[in-house]
Amino acid sequence: MTHHFDTLETRSADARAADLARRLPEQIARARQTRAFAALLADVDPASITDPAALARLPVIRKSELGRAQAESPPLGGFTLRPAQDFDHVFQSPGPIYEPGRVAPDWWRLGRFLRACGIGRGDIVQNCFSYHLTPAGMMFESGARAVGAAVLPAGTGQTELQVRAAVDIGTTAYAGTPDYLRVLLDRAEEMGERLRITKAAVGGGALFPSLRRDYADRGISCLQCYATADLGNIAYESDAQEGMIVDEGVIVEIVRPGTGIPVPEGEVGEVVVTTLNPDYPLIRFATGDLSAVMPGVSPCGRSNMRIRGWMGRADQTTKIKGMFVRPEQVAAFVAKHGEIARARVIATREGEMDVMTVHVETPAQDAAPYEGSVYEALKLRGRVVVVPPGTLPNDGKVIEDQRRYD
């Protein structure tokens, strides 16, 4: 059974594009008013940024830049239009990175995901995300409130107490990391208790197919979302379980790692997100995660773009021969040669020495002309191997470390 949160999920592509053409220039205009984006977007006319193609001309912001800005201008780095004390919460994530939060309805947009899980009025959600310092607990609590569900703010740990509470209160839904639900279920069995949980909304880790099947065998429907503390909900599963549907409050681009250049549909690249949240206008924020756009629309009726979910990390910076090689350097090498489609740096060991080999997708037959520009871009000498276009794996990797030290 398909559960829709609102009519935005099923609107036509034309209706979604028209809404974006109105909302995106407003968000660019807001971002230009922040200290952090003022210089980056100074020459940008917000009225000209009305679709993803125009958005792709703007610079990408990375989490490392956010961290540096926060260190120089604590605690929020000038990325918001209001000071920290005018928010309802300020959270700390590893780094440390600080994020604002508000109690405004469904501020992180997790309600859309919980509704897709079938959670709503009449449910009691056992929220096993942390409420301390990090925002995940409040993110899912806010989403539960948006769909009319009650919440047991369980947080993490104290498994026996959690089982006792679940049994006594009669919690019907779980929110937390994919694996902790199994810990609760196993402990309940040890205690001779049976939980009434039939729905699970998970995030913050990989939901392996075997684990999802295990939950299904126990009568629990388990779906996952892709959300971050900075951006809120980015994409989420529906009961169709075919990829992840992009949330209506963000714009997702998939770009070549180390660049801001969108890749063709289906090619694996880095997830870059622009949020339409007026309180925290992050524009082209690089998540550091890899994914790919899926063709078509979901059978569940939701019509927004789909992505394949988390497929690894885009920041593949690797030390070779004592020097760091970064995706941006590989991108610079590719950009210098119009005939090169893609390149992949592979680090191996021969004896006790590091070896760098650069595989280059090009119609050319001779590797020699590329050796000088490899050294110029990567600051290291390495072998160059030319391969036909379409040869390199579609996994988003531009730097692959094949070294073994055992």
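Is the crossing in which α8 passes α9 left-handed or right-handed? Select both helices to find out. The model is predicted.

**Stop 1: α8 and α9**

Select residues 180-190 for helix α8 and residues 209-217 for helix α9. α8 passes α9 in a left-handed crossing. Show side chains for Leu181, Arg182 and Leu185 on α8, then Leu211, Asp214 and Tyr215 on α9; these residues make the contact. By class, the contact of α8 with α9 has four nonpolar residues, two charged and no polar ones.

Now draw the axes. They come within 11 Å and cross at roughly 40 degrees.

**Stop 2**

Select Pro52, Ile251, Val252, Asn304 and Met305. Of the 32 lining residues, these lie nearest the centre of the second largest pocket. The volume of this pocket is about 660 Å³.

Next, colour the elements that build the lining. α1 (13-32), α3 (52-55), β11 (250-255) and β14 (293-294) each supply at least two residues. Which of the elements gives the most to the lining? It is α1, with six residues.

**Stop 3: the largest cavity**

A search of the whole structure finds two cavities of 30 Å³ or more. The largest cavity holds about 150 Å³ of space. Select Arg256, Arg342, Ala343, Lys397 and Val398: among the 16 residues that line the largest cavity, they are the closest to its centre.

Then select α10 (327-336) and β18 (343-350). Each supplies at least two residues of the lining of the largest cavity. α10 gives the most, with three residues. By class, this lining has nine nonpolar, five charged and two polar residues.

**Stop 4: the second largest cavity**

How much space lies in the second largest cavity? About 60 Å³.

- Pro100, Trp107, Trp108 and Arg109 are among the lining residues.
- Ala229, Asp230, Leu231 and Gly232 also line the second largest cavity.
- Thr275, Asn277 and Tyr280 belong to the lining too.

Colour by class once more. The lining of the second largest cavity divides into six nonpolar residues, three polar and two charged.

How values were computed:
Residues are numbered from 1 along each chain as its sequence is written. This is a predicted model: local features need pLDDT of at least 70, side-chain atom pairs count only at pLDDT 80 or more; totals for chains, interfaces and linings use all residues. Side-chain values use heavy atoms; hydrogens and water are left out. On a 1 Å grid over the protein atoms alone, a cavity is a set of points where a 1.4 Å probe fits but cannot get out, and a pocket is an open set with protein on both sides within 12 Å along at least five of seven lines; lining residues have an atom within 4 Å of a point. Grid points are joined across faces, edges and corners, and a volume is the space filled by probe spheres set on the points. Helices (H or I, at least four residues) and strands (E, at least two) are DSSP runs, numbered from the N terminus. Axes are lines fitted to C-alpha atoms, for helices over the stretch in contact, and angles run from 0 to 180 degrees between N-to-C directions. A crossing is left-handed if the near helix is turned anticlockwise from the far one by less than a right angle, and right-handed if clockwise. Contact means heavy atoms within 4.5 Å. Ala, Val, Leu, Ile, Met, Phe, Trp, Tyr, Cys and Pro count as nonpolar, Asp, Glu, Lys and Arg as charged, and the others, Gly among them, as polar.
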